[in-house]
Amino acid sequence: MVEKSDLTGNVPDWFSQFYGPVRRFGEKVAEFFSPDADAAATDAYYEVCVELPGVSEEDMKVEVHDGRLSVTGEKRAVRKEEGKNFFFSERSYGRFQRVFRLPPDADEAKISASHKDGVLTIRIAKAKAEAPQAKSIPIDRG
(Lines give C-alpha, C1' and ligand atoms only; values in the text may rest on other atoms or scores of the structure.)
Protein backbone atom coordinates (compact mmCIF):
# COMPACT_ATOMS: atom_id res chain seq x y z
CA MET A 1 0.00 0.00 0.00
CA VAL A 2 1.18 3.52 -0.69
CA GLU A 3 2.04 5.28 2.58
CA LYS A 4 2.77 8.81 3.66
CA SER A 5 6.51 9.12 3.94
CA ASP A 6 8.57 10.13 6.96
CA LEU A 7 11.06 12.74 5.74
CA THR A 8 13.29 12.61 8.81
CA GLY A 9 15.81 10.21 7.23
CA ASN A 10 18.80 8.98 9.18
CA VAL A 11 19.68 11.69 11.68
CA PRO A 12 21.90 11.25 14.73
CA ASP A 13 20.07 10.36 17.96
CA TRP A 14 21.28 13.48 19.81
CA PHE A 15 19.91 15.64 17.00
CA SER A 16 16.49 13.98 17.27
CA GLN A 17 16.36 14.50 21.03
CA PHE A 18 17.39 18.13 20.80
CA TYR A 19 15.26 19.18 17.85
CA GLY A 20 12.48 16.58 18.14
CA PRO A 21 9.83 18.86 19.66
CA VAL A 22 10.49 21.58 17.07
CA ARG A 23 10.41 19.05 14.23
CA ARG A 24 7.10 17.57 15.43
CA PHE A 25 5.57 21.05 15.54
CA GLY A 26 6.84 21.69 12.01
CA GLU A 27 5.33 18.41 10.82
CA LYS A 28 1.94 19.41 12.23
CA VAL A 29 2.14 22.78 10.45
CA ALA A 30 3.18 21.04 7.23
CA GLU A 31 0.21 18.66 7.49
CA PHE A 32 -2.11 21.63 7.95
CA PHE A 33 -0.88 23.25 4.71
CA SER A 34 -0.63 19.99 2.71
CA PRO A 35 -3.18 19.20 0.03
CA ASP A 36 -5.49 16.29 0.85
CA ALA A 37 -4.84 12.96 -0.83
CA ASP A 38 -6.27 9.46 -1.23
CA ALA A 39 -4.35 6.27 -1.99
CA ALA A 40 -5.96 3.12 -3.37
CA ALA A 41 -5.02 -0.04 -5.25
CA THR A 42 -6.44 -2.33 -7.91
CA ASP A 43 -5.03 -5.61 -9.17
CA ALA A 44 -3.06 -3.76 -11.86
CA TYR A 45 -1.95 -0.46 -10.29
CA TYR A 46 -1.75 1.86 -7.30
CA GLU A 47 -3.54 5.19 -7.50
CA VAL A 48 -2.81 8.39 -5.59
CA CYS A 49 -5.26 11.30 -5.96
CA VAL A 50 -4.23 14.73 -4.66
CA GLU A 51 -6.69 17.63 -4.39
CA LEU A 52 -5.12 20.67 -6.06
CA PRO A 53 -7.92 23.09 -6.95
CA GLY A 54 -6.65 26.31 -8.46
CA VAL A 55 -3.19 24.90 -9.24
CA SER A 56 -2.19 24.82 -12.91
CA GLU A 57 -0.26 21.93 -14.44
CA GLU A 58 2.71 24.26 -14.98
CA ASP A 59 2.92 24.77 -11.20
CA MET A 60 2.92 21.02 -10.34
CA LYS A 61 5.77 18.55 -10.39
CA VAL A 62 5.55 14.77 -9.90
CA GLU A 63 8.79 12.85 -9.32
CA VAL A 64 9.78 9.38 -8.21
CA HIS A 65 13.12 8.56 -6.62
CA ASP A 66 14.30 5.74 -4.36
CA GLY A 67 10.83 4.34 -3.83
CA ARG A 68 9.26 7.69 -2.98
CA LEU A 69 6.64 9.54 -5.00
CA SER A 70 6.84 13.31 -4.56
CA VAL A 71 4.21 15.87 -5.54
CA THR A 72 5.36 19.48 -5.24
CA GLY A 73 4.07 22.76 -6.53
CA GLU A 74 2.66 26.14 -5.75
CA LYS A 75 -0.80 27.64 -5.63
CA ARG A 76 -0.42 31.24 -6.69
CA ALA A 77 -2.55 34.04 -5.28
CA VAL A 78 -4.87 35.56 -7.84
CA ARG A 79 -6.91 37.72 -5.50
CA LYS A 80 -7.16 41.41 -6.36
CA GLU A 81 -8.08 43.67 -3.49
CA GLU A 82 -8.75 46.82 -5.53
CA GLY A 83 -11.94 48.45 -4.25
CA LYS A 84 -12.91 45.49 -2.08
CA ASN A 85 -13.23 45.18 1.68
CA PHE A 86 -12.84 41.52 2.59
CA PHE A 87 -14.80 40.17 5.55
CA PHE A 88 -12.79 36.94 5.54
CA SER A 89 -10.57 34.86 3.28
CA GLU A 90 -10.25 31.11 3.77
CA ARG A 91 -8.29 30.24 0.65
CA SER A 92 -4.65 29.34 1.12
CA TYR A 93 -1.76 29.95 -1.24
CA GLY A 94 1.87 28.99 -1.36
CA ARG A 95 4.21 26.07 -1.94
CA PHE A 96 3.27 22.52 -1.03
CA GLN A 97 4.87 19.08 -1.00
CA ARG A 98 3.50 15.61 -0.42
CA VAL A 99 5.72 12.52 -0.35
CA PHE A 100 4.46 8.94 -0.46
CA ARG A 101 6.50 5.78 0.05
CA LEU A 102 5.80 3.24 -2.69
CA PRO A 103 5.37 -0.48 -2.01
CA PRO A 104 8.06 -2.90 -3.23
CA ASP A 105 5.99 -4.13 -6.18
CA ALA A 106 5.45 -0.63 -7.64
CA ASP A 107 6.94 -0.27 -11.12
CA GLU A 108 8.69 3.13 -11.06
CA ALA A 109 9.16 2.97 -14.85
CA LYS A 110 5.38 2.88 -15.44
CA ILE A 111 3.86 5.93 -13.78
CA SER A 112 1.30 8.26 -15.34
CA ALA A 113 -0.30 11.46 -14.06
CA SER A 114 -3.39 13.39 -15.14
CA HIS A 115 -5.07 16.55 -13.84
CA LYS A 116 -8.79 17.16 -14.15
CA ASP A 117 -11.26 19.26 -12.16
CA GLY A 118 -8.66 20.17 -9.53
CA VAL A 119 -7.60 16.58 -8.81
CA LEU A 120 -4.18 15.22 -9.74
CA THR A 121 -4.42 11.46 -10.33
CA ILE A 122 -1.21 9.43 -10.37
CA ARG A 123 -1.22 5.76 -11.38
CA ILE A 124 1.71 3.50 -10.59
CA ALA A 125 1.70 0.12 -12.32
CA LYS A 126 2.31 -2.96 -10.25
CA ALA A 127 5.30 -5.01 -11.35
CA LYS A 128 4.31 -8.29 -12.88
CA ALA A 129 5.09 -11.14 -10.53
CA GLU A 130 7.22 -13.63 -12.38
CA ALA A 131 6.26 -17.26 -11.95
CA PRO A 132 8.98 -19.18 -10.18
CA GLN A 133 11.04 -21.14 -12.70
CA ALA A 134 12.45 -24.53 -11.90
CA LYS A 135 16.21 -24.50 -12.07
CA SER A 136 18.34 -27.58 -12.32
CA ILE A 137 21.31 -27.57 -9.95
CA PRO A 138 24.29 -29.61 -11.14
CA ILE A 139 25.78 -32.00 -8.60
CA ASP A 140 29.55 -31.89 -8.26
CA ARG A 141 31.05 -35.32 -8.01
CA GLY A 142 33.94 -34.29 -5.96
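The largest nonpolar core has 15 residues, and Val 50, Leu 52, Leu 69, Val 71, Leu 120 and Ile 124 touch the most other members. A nonpolar core here is a set of buried Ala, Val, Leu, Ile, Met, Phe, Trp, Tyr and Cys residues joined through side-chain atoms within 4.5 Å. Two or more residues of this core come from each of strand E3 (45–51), strand E5 (68–75), strand E6 (94–101) and strand E8 (119–126). Please keep in mind that this is a predicted model, in which local features need pLDDT of at least 70 and side-chain atom pairs count only at pLDDT 80 or more, while totals for chains, interfaces and linings use all residues. Residues are numbered from 1 along each chain as its sequence is written, and side-chain values use heavy atoms, with hydrogens and water left out.

**The chain as a whole**

- The chain has 142 residues, and 23% of them count as buried, where buried means under 20% relative accessible area, exposed over 50% and partly exposed in between (1.4 Å probe, protein chains only).
- Among contacts with a separation of 6 or more, 56% are between residues 24 or more positions apart; a contact means heavy atoms within 4.5 Å.
- The accessible surface of the chain is about 11,400 Å², and carbon and sulfur atoms account for 52% of that; such areas come from the Shrake-Rupley method with a 1.4 Å probe, and for residues only the protein chains shown count as cover.

- Not counting residues up to four places away in sequence, Leu 120 touches Val 48, Cys 49, Val 50, Leu 52, Met 60, Val 62, Val 71, Ala 113, Ser 114 and His 115.
- Two of these partners, Val 50 and Leu 52, are also listed with Leu 120 among the core residues that touch the most other members.

**How the strands pair**

- Strand E4 (residues 60–65) runs antiparallel to E5, and six bridges join them; two strands pair if DSSP finds at least two bridges between them.
- Within this pairing, Val 64 has Leu 69 of E5 as its bridge partner.
- The hairpin of E4 and E5 has two residues between the strands, and Asp 66 takes a positive phi near 50° there.
- E3 and E8 are antiparallel and joined by seven bridges, with Glu 51 standing opposite Val 119 in E8.
- Strand E7 (residues 106–116) is also joined to E8 by seven bridges, and these two run antiparallel.
- Ser 112 has Arg 123 in E8 as its bridge partner.
- In the hairpin of E7 and E8, with two residues between the strands, Asp 117 takes a positive phi near 55°.

- Met 60 is found in strand E4 and is buried, with a relative accessible area of 14%.
- Leaving out residues up to four places away in sequence, Met 60 touches Leu 52, Val 55, Thr 72, Gly 73, His 115 and Leu 120.
- Met 60 and Glu 74 are 14 residues apart in sequence, and their C-alpha atoms are 6.9 Å apart in space.
- Ser 70 belongs to strand E5 and counts as buried because its relative accessible area is 12%.
- Beyond its neighbours within four places in sequence, Ser 70 is in contact with Lys 61, Val 62, Glu 63, Gln 97, Arg 98 and Val 99.
- Thr 72 also has its place in strand E5, and it is buried at a relative accessible area of 15%.
- Setting aside neighbours within four places in sequence, the contacts of Thr 72 are Asp 59, Met 60, Lys 61, Phe 96 and Gln 97.
- Asp 59 lies in the loop between E3 and E4 and is buried, with a relative accessible area of 18%.
- Apart from neighbours within four places in sequence, Asp 59 is in contact with Thr 72, Gly 73, Glu 74 and Arg 76.
- Asp 59 and Arg 95 are 36 residues apart in sequence and 9.4 Å apart in space, C-alpha to C-alpha.

**A charge over a ring**

- The charged end of Lys 126 sits over the ring of Tyr 46, 4.8 Å from its centre; this label applies if NZ of Lys or CZ of Arg is within 6 Å of the ring centre and within 35 degrees of the ring normal.

Methods. Helix = DSSP H or I, 4+ residues; strand = E, 2+ residues; numbered from the N terminus.
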